[in-house]
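Student: Could we go through this model together, one question at a time?
Tutor: Happy to; let's have it in view.

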Amino acid sequence: MVLAKLDAVVLDCPDPRALAGFYADVLGGTVEGDDEWVTLRVPGGPALAFQRVPGFVPPRWPAADHSQQFHLDLTVPDLDAAEKEALELGARPLDTADRSRSFRVYADPAGHPFCLCAG
């Protein structure tokens, strides 16, 4: 028996509208909300939501004593092309040197880790 359905993944951040805009540029979808809570409705998937947190401290990656807590895996058809676009949108590389792997790790503009994965 299923107890619940995933409605949204919520990310804490200092500026919900800006971070929702970053992910809308990466994933598509529509943005709705206010300065405290913004929801990105993603085509074909659960929503991403962003809530303002005063004094937000981004996760550190990799750091065993400061867990990343979670990350998003984003499947892309072309890693090199997706990397170029993500960096232009404000992503920051965290672990991208090994070009033989099927994934690369980045931070979004608020510091949350995410992976671009070959699909």
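Tutor: Let's begin with a pair of residues: L40 stands opposite L48 in β4. This is a predicted model, where local features need pLDDT of at least 70, side-chain atom pairs count only at pLDDT 80 or more, and totals for chains, interfaces and linings use all residues. Residues are numbered from 1 along each chain as its sequence is written, and side-chain values use heavy atoms, with hydrogens and water left out.

Student: In which sense do β3 and β4 pair, parallel or antiparallel?
Tutor: Strands are DSSP E runs of at least two residues and helices are H or I runs of at least four, numbered from the N terminus. Two strands pair if DSSP finds at least two bridges between them. Strand β3 (residues 37-41) and strand β4 (residues 47-52) have 4 bridges, and their sense is antiparallel.

Student: Which element gives the most to the lining of the second largest pocket?
Tutor: Lining residues have an atom within 4 Å of a point of the pocket, an open set on a 1 Å grid over the protein atoms alone where a 1.4 Å probe fits, with protein on both sides within 12 Å along at least five of seven lines. Here 14 residues line the pocket, with V26, V76, A82, E85 and L116 nearest its centre. Elements giving two or more residues are α1, β5 (72-76) and α2 (79-89). With 5 residues, the one giving the most is α2.
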